[in-house]
Amino acid sequence: MPVEEYRLFESEYRFMDLIWREEPVGSTKLVQKARLELEWKKSTCYTVLKKLETKGFVKNEGAIVHALVKREQVQRYESEQLIVRSFGGSLPVFLNTFLKGRRLTRQEARELHELIEGAAPKGDEEVWHDDLKQ
């Protein structure tokens, strides 16, 4: 599935969340969960399930539902779209906006630093650290 096809509407995402948490899950149990957690009718569940199957997100075989797309794939797509749409594609602008007025714990700062280090081009370690000092 091409990356641009990982888009889900809010209701579809909430339903996928149930599937991701419960899979493999019988369609009857899925309907029960959706009724309790989402307050959906049986017909709504089957309509959304069919749409998700048509879009290639799930497989419903023998009344057992499996996700064909991982939660992380959808989260990555949604995150990238948010940054492009709201922050001109700039991760630094997003982070600056997100962190403005917010205090990080030392552990959060360490984790973010490690994520950034892991994403930086290899072989530029000295340049990267020198840039941080300026």
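Student: Contact means heavy atoms within 4.5 Å. Leaving aside neighbours within four places in sequence, which residues is Glu12 in contact with?
Tutor: Val48, Lys51, Leu52 and Lys55. Glu12 itself is found in helix H1.

Student: Where do these numbers come from?
Tutor: This is a predicted model: local features need pLDDT of at least 70, side-chain atom pairs count only at pLDDT 80 or more, and totals for chains, interfaces and linings use all residues. Residues are numbered from 1 along each chain as its sequence is written, and side-chain values use heavy atoms, with hydrogens and water left out.

Student: Is Glu12 buried or exposed?
Tutor: Buried, because its relative accessible area is 6%. The cut-offs: buried is under 20% relative accessible area, exposed is over 50%, and partly exposed is in between (1.4 Å probe, protein chains only).

Student: What share of the protein's residues count as buried?
Tutor: 23% of the 134 residues.

Student: Step back. How many helices and strands does the protein have?
Tutor: Seven helices and three strands. Both are DSSP runs, numbered from the N terminus: helices are H or I with at least four residues, strands are E with at least two. Starting at the N terminus, the order is α-β-α-α-β-β-α-α-α-α.

Student: Now helix packing. How do H2 and H3 cross?
Tutor: H2 covers residues 27-38 and H3 covers 42-54. Their axes come within 9 Å and cross at roughly 120°. That makes H2 oblique to H3. Axes are lines fitted to C-alpha atoms, for helices over the stretch in contact, and angles run from 0 to 180 degrees between N-to-C directions. Angles under 35 degrees count as roughly parallel, over 145 as roughly antiparallel, 65 to 115 as roughly perpendicular, and the rest as oblique.

Student: Which residues of H2 and H3 meet?
Tutor: On the H2 side, Ser27, Thr28, Leu30, Val31 and Ala34. On the H3 side, Lys42, Cys45, Tyr46 and Leu49. By class, this contact of H2 with H3 has six nonpolar, two polar and one charged residues. Ala, Val, Leu, Ile, Met, Phe, Trp, Tyr, Cys and Pro count as nonpolar; Asp, Glu, Lys and Arg as charged; the others, Gly among them, as polar.

Student: Ser27 is in there. Is it buried or exposed?
Tutor: Ser27 counts as buried because its relative accessibility is 8%. Leaving aside neighbours within four places in sequence, Ser27 is in contact with Tyr46, Ala63 and Val65.

Student: How far apart are Ser27 and Glu61?
Tutor: In sequence, 34 residues; in space, 9.5 Å from C-alpha to C-alpha. Glu61 sits in strand E2, residues 58-61. Glu61 is exposed, with a relative accessible area of 53%.

Student: What angle do H4 and H5 pack at?
Tutor: About 85°, with their axes 9 Å apart. That makes H4 roughly perpendicular to H5. Leu82, Ile83 and Phe87 in H4 meet Leu91, Val93, Phe94 and Thr97 in H5. The residues of this contact divide into six nonpolar, one polar and no charged.

Student: What follows H5?
Tutor: Gly101, with a positive phi near 75°.

Student: Which residues other than glycine have a positive phi?
Tutor: Glu39 is one of them, with phi near 60°. Glu39 lies in the loop between H2 and H3, and it counts as exposed at 70% relative accessibility. Ala63 is another case, with phi near 65°. Ala63 is in the loop between E2 and strand E3 (64-67), and it is partly exposed at 41% relative accessible area. For background, most residues other than glycine have a negative phi, and most peptide bonds are trans.

Student: Where is there a cis peptide bond?
Tutor: Between Glu23 and Pro24, with omega about -10°. Pro24 is in the loop between helix H1 (10-22) and strand E1 (25-26).
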